[in-house]
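Here are some notes to read alongside the model, written as one colleague to another. Please keep the structure open as you go through the points.

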Amino acid sequence: MRSLALMVVLGLGACTGTGTGGGTVYYTAFTAGYVPNSLAAAHPLLVETYGSPTPGVAPENVLEATVAGLRQSGPAWMPRNYTGRPDDAPRPAYRLRIAYGAPKAFDRQDLCGPDMSAEFLAAGRGQNDAGSTRTLAGLCRGETEVAYGEGSPGANPDIRGERFQKFVGLLGRAVMPRRNPVTDDDCVFRNCD
């Protein structure tokens, strides 16, 4: 009986990490084109953000907090050389695009497309999407999505806080694992981050 009570308490404790401000990544997908060695060799990785995880935050602050989160908590195997400045990566081999507050109708395949912009993201927003916490991340090579992740930082996260940084790092690790799970059978049954 005691062990059952302990299991219930531990089970409830596990759920608290996904609540308000905690963040979770609940979906990832990869193509055969995701080549981690090529990604690691491409310096720096250009990060582009669209939308905001919380209302009233300036786009440049969202980008700055995202880059900081990737540097602090992103994939340990990757060099921590992320930039939000296009001048730092004039012809990037890869781009990491993150769309915060994405509407339900937004198609992930548009994330790497040439039309992607804050206005394009907002155009798909309906009245039920006002409080959306859906966050999409696409690792793009040109206009091709080679890795994709979807999650949520929770409701109204503090973008300067540790929990938001950890969410961004988790999203980065999910989208940029050390090995491609599609081409590396060894990763199917274990974590390859």
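1. A few conventions to begin with. Two strands are said to pair if DSSP finds at least two bridges between them. Strands (E, at least two residues) and helices (H or I, at least four) are DSSP runs, numbered from the N terminus. This is a predicted model, in which local features need pLDDT of at least 70 and side-chain atom pairs count only at pLDDT 80 or more, while totals for chains, interfaces and linings use all residues. Residues are numbered from 1 along each chain as its sequence is written, and side-chain values use heavy atoms, leaving out hydrogens and water.

2. Let's start with the sheet. Six strands form an open sheet with mixed pairing, in the order β1-β6-β5-β4-β2-β3. At the edges stand β1 (24-30) and β3 (82-83); each has a single partner strand, so one side of each is left without a neighbour in the sheet.

3. Strand β4 (residues 95-99) runs antiparallel to β5, and five bridges join the two. The hairpin of β5 and β6 has two residues between the strands, and G142 takes a positive phi near 65 degrees. Six of the seven residues of β5 are buried, where buried means under 20% relative accessible area, exposed over 50% and partly exposed in between (1.4 Å probe, protein chains only).

4. Which cysteines does the disulfide join? C112 is joined to C140, with an S to S distance of 2.0 Å; the criterion is a pair of cysteine sulfur atoms within 2.5 Å. C112 lies in the loop between β4 and α4 (118-123) and C140 in strand β5, so the pair ties together parts that are 28 residues apart in sequence. The structure holds one disulfide. Its S-S torsion is about -80 degrees, so the disulfide is left-handed. Both C112 and C140 are buried.

5. Is E145 buried or exposed? E145, found in strand β6 (residues 144-152), is buried, because its relative accessible area is 15%. Leaving aside neighbours within four places in sequence, E145 is in contact (heavy atoms within 4.5 Å) with T31, R108, C112 and L139.

6. Now the helices. Helix α3 (residues 59-73) lies across β2 (45-50), β3 and β4, and runs at about 135 degrees to β2. Axes here are lines fitted to C-alpha atoms, for helices over the stretch in contact, with angles from 0 to 180 degrees between N-to-C directions. Helix α5 (residues 162-175) also packs on the sheet, where α5 touches β1, β4, β5 and β6 and makes about 20 degrees with the direction of β1. The buried residues of α3 include V62, L63, T66 and L70, and their cover includes β2, β3, β4 and α5.

7. Lastly, the rings. Four aromatic pairs turn up in a search of the whole structure. F30 and Y34 form a tilted one, at 5.6 Å centre to centre and 45 degrees between the planes. Rings of Phe, Tyr and Trp (its six-membered ring) pair if their centres lie within 6.5 Å, and planes under 30 degrees apart count as stacked, over 60 as edge-to-face and the rest as tilted. F30 counts as buried at 17% relative accessibility, and Y34 is buried at 2%.
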